[in-house]
Amino acid sequence: MRLLLPCLLLILAPGIVLAETVRPLIDPAGKCGVHAAPAITKPYPHLRWSGPCRDGLADGEGVAEFAAMATAKPNKIWRGHFRGGYFVGDTPLAARVEPLGRQNAFVQLPSYPAAEGSAWIHVRVRSDGGPLPRCGEGAAEIAIEAPAGLAVADEKRLRGMMLQAASAYRAVCSSPIVQRFAVVAAGRRAALGIGSFGGATEAIARAEMLAGKDDLRDFRNIATGESDSSRQAQHYEDKRKERIEESRTAWRDFTRANRVELWVTPRQLETNPFRYEGRTVAFPARFLRMISANVALVRDDRWGEVLVLGVPNDLLQDKSTAVFAGRSIGRRTLPNSRFEVSAIEAVGWRLCRRSGCGDLLEWMDEETKPFPWGEDQSAFR
């Protein structure tokens with residue numbers, strides 16, 4: 001069964017009230033109105049309009065004069081083109097302009113396909129009396145009023161509607177600014193006038209397009225809960241789980257291939273090598289230096305040093321980390337020194353591909369109990 005657009009209820013955040021419809025200032029002589037910000041209408045509440053009027057609103061080329069008193073000289077004068085009661089500047093505007101509430105308005109994108117509903121640029125009336133910013137300012141906020149019967153789960157169509165709105169916007173607005181899209185149910189675009197466009201509660205889907213780009217990003221279907229970010233998070237989580245499982249498999253393969261009896265730390269070997277003497281142990285360590293052609297000195301971060309006998313002289317480089325497996329042989333004296341360190345005769349090794357030898361050991365971080373280094377590990381094999 002197709003999931004159709006629900007009748008949406010408007011939920012207001014604390015402290016936010018419904019926006020009142022903008023009421024234009026009316027010229028008492030011509031009965032024609034002009035929209036202006038309160039910064040103009042409050043100090044200069046008397047309007048004189050000279051020009052064409054349509055449906056009770058200034059529409060066409062004309063002059064709007066604002067004065068503090070009906071008989072006083074004008075304090076503010078707008079000369080130019082008007083559309084739907086809004087001052088639009090020196091260039092005429094053919095698109096529909098509708099009040100949205102407070103100091104907000106919608107400018108329709110005329111080339112948007114009717115089969116996909118309608119698209120509108122959300123603009124704000126300038127308090128300084130400048131022309132209506134017909135293409136938006138800072139970022140273009142584009143509301144798409146969906147056609148009746150749209151399936152809210154149809155993500156492909158929702159994305160297509162946004163891309164069509166982007167194309168319609170660029171046909172009339174050349175400025176390469178960020179475009180933000182919000183799809184709302186049929187007849188509900190006025191809901192976007194509450195608070196800010198980005199905080200509207202009734203959007204079905206959202207996305208944005210960066211300046212100079214042709215693809216959507218941060219798409220979010222609010223009606224179904226699907227989003228690019230949730231998919232990306234799921235993708236990362238799936239990759240993480242895959243990586244964890246690969247590390248567990250690599251650890252088990254290394255353990256079995258080298259017949260490792262116990263995983264230990266270099267510090268444990270250094271502290272008491274005789275506990276593990278004669279047993280095959282394995283451990284991760286960082287390379288320090290070659291002692292001879294086939295003997296390497298390695299260590300861990302707790303200053304546990306181990307001599308590894310029988311490694312190739314070209315295996316380890318500066319700052320190499322690796323896992324080693326070998327038979328513990330107690331202690332050996334370092335050449336030209338009186339210091340003794342623990343030692344193993346190597347039977348296997350593997351260079352680490354990730355920090356901390358995560359390609360073999362990362363799975364240990366997922367275990368509910370700490371890995372028992374140097375103790376019984378049969379439960380983990």
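Me: Is Cys53 buried, exposed or partly exposed?
Reply: In this predicted model, Cys53 is partly exposed, its relative accessible area being 40%.

Me: Which residue does Cys53 form a disulfide with?
Reply: Cys53 is bonded to Cys32, and the two sulfur atoms lie 2.1 Å apart. Cys32 is in strand S2 (residues 32-34) and Cys53 in strand S4 (residues 53-54), so this link ties together parts that are 21 residues apart in sequence.

Me: And is Cys32 buried or exposed?
Reply: Cys32 counts as buried, at 1% relative accessibility.

Me: What is the handedness of that link?
Reply: The link of Cys32 and Cys53 is right-handed, with 105 degrees about the S-S bond.

Me: How many disulfides does the structure hold, and what pattern do they follow?
Reply: There are three disulfides. Counting bonded cysteines along the chain, the pattern is 1-2, 3-4, 5-6.

Me: Moving on, which residue is joined to Cys135?
Reply: A disulfide joins Cys135 to Cys173, at 2.0 Å from S to S. Cys135 sits in the loop between strand S11 (118-124) and strand S12 (139-145), and Cys173 in the loop between helix H2 (155-172) and strand S13 (178-184), so the pair connects parts 38 residues apart in sequence.

Me: Why is the disulfide of Cys135 and Cys173 left-handed?
Reply: The torsion about its S-S bond is about -85 degrees, so the disulfide is left-handed.

Me: What about Cys352 and Cys357: how far apart are their sulfur atoms?
Reply: Their sulfur atoms are 1.8 Å apart. The torsion about this S-S bond is about 80 degrees, so the disulfide is right-handed. Cys352 is buried at 15% relative accessible area, and Cys357 is buried at 3% relative accessibility.

Key: Residues numbered from 1 in each chain as written. Predicted model: local features only at pLDDT ≥ 70, side-chain atom pairs only at ≥ 80, totals over all residues. Heavy atoms only, no water. Disulfide = S-S within 2.5 Å. Helix = DSSP H or I, 4+ residues; strand = E, 2+ residues; numbered from the N terminus. Buried < 20%, exposed > 50% of the residue type's maximum accessible area, 1.4 Å probe, protein only.
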